[in-house]
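This report walks through one protein model, from single residues to the overall fold. Keep the sequence and the coordinates at hand while reading.

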Amino acid sequence: MLTSVDTDLIRVLADPLRLQIVTLLAQETLCTTHLVEETGARQTNLSNHMKVLREAGVVETEPCGRYTYYRLKPDVLASLAGQFAELAESARAAAENKRACP
């Protein structure tokens, strides 16, 4: 039974730029320079978003010379997807349940 959905992670992923970053990282590991090119975001803005994603545990870093590469942590997203799947299953099971009004 579902106890709760990770609302902090939902807030992190609700930002359009962060969702775009996660979508890009789902395809390949990218450095900051690549992410700036792909998103059109300023480097400082992108770095702030990457910090939020790192702190939320969505991405991990890999230093490579003077660059930092980012890799998506799929287990975090799979866990969130599982929470939503449980929520959907609960809704299916309760579709006929209706609380009577007083």
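Threonine 32 counts as buried, at 14% relative accessibility. Buried means under 20% relative accessible area, exposed means over 50%, and partly exposed lies in between (1.4 Å probe, protein chains only). This is a predicted model, in which local features need pLDDT of at least 70 and side-chain atom pairs count only at pLDDT 80 or more, while totals for chains, interfaces and linings use all residues. Residues are numbered from 1 along each chain as its sequence is written, and side-chain values use heavy atoms, with hydrogens and water left out.

Threonine 32 is found in helix 3, residues 32-39. Helices (H or I, at least four residues) and strands (E, at least two) are DSSP runs numbered from the N terminus. Setting aside residues up to four places away in sequence, threonine 32 touches Gln43, Leu46, Thr68 and Tyr70. Contact means heavy atoms within 4.5 Å.

Methionine 50 lies in helix 4. Its relative accessibility is 0%, and methionine 50 counts as buried. Leaving aside neighbours within four places in sequence, methionine 50 is in contact with Ile21, Leu25, Leu35, Val59 and Tyr70. Alanine 93 is another matter: 43 residues separate it from methionine 50 along the chain, and their C-alpha atoms are 39 Å apart.

Asparagine 45 lies in helix 4 too, which spans residues 43-55. Asparagine 45 is partly exposed, with a relative accessible area of 35%. Asparagine 45 and leucine 17 are 28 residues apart in sequence, and 9.7 Å separates their C-alpha atoms.

Arginine 18 is found in helix 2, residues 16-25. Not counting residues up to four places away in sequence, arginine 18 touches Arg11, Val12, His49, Val52 and Leu53.

## Salt bridges

Side chains of opposite charge can pair when their charged atoms come close. How many salt bridges does a search of the whole structure find? The search finds 5.

| Pair | Closest N and O atoms |
|---|---|
| Arginine 11 and aspartate 8 | 3.0 Å |
| Lysine 51 and glutamate 55 | 4.0 Å |
| Glutamate 60 and arginine 71 | 3.3 Å |

Glutamate 60 lies in strand 2 (residues 59-64) and arginine 71 in strand 3 (residues 67-72), so this pair ties together parts that are 11 residues apart in sequence. Glutamate 60 is partly exposed at 32% relative accessible area. Arginine 71 is partly exposed at 31%. Glu60, Glu62 and Arg71 are linked in a network of salt bridges.

Arginine 11 and aspartate 8 are 3 residues apart in helix 1 (residues 7-14), which separates them by about one helical turn. Arginine 11 is exposed, and so is aspartate 8.

Lysine 51 and glutamate 55 are 4 residues apart in helix 4, again separated by about one helical turn. Lysine 51 counts as partly exposed at 42% relative accessibility. Glutamate 55 counts as exposed at 60%.

## The whole chain

The protein has 5 helices and 3 strands. Along the sequence they follow the pattern α-α-β-α-α-β-β-α. The radius of gyration of the protein is 18 Å, well over the 13 Å that the globule rule gives for 102 residues, so the protein is more spread out than a compact globule. That radius is taken over C-alpha atoms, and the globule rule is 2.2 Å times the number of residues to the power 0.38. Taken along the principal axes, the C-alpha atoms fill a box of roughly 65 × 25 × 20 Å.

Of the 102 residues, 27% count as buried. Among contacts with a separation of 6 or more, 55% are between residues 24 or more positions apart.

Methods. A salt bridge is a side-chain nitrogen of Lys or Arg within 4 Å of a carboxyl oxygen of Asp or Glu.
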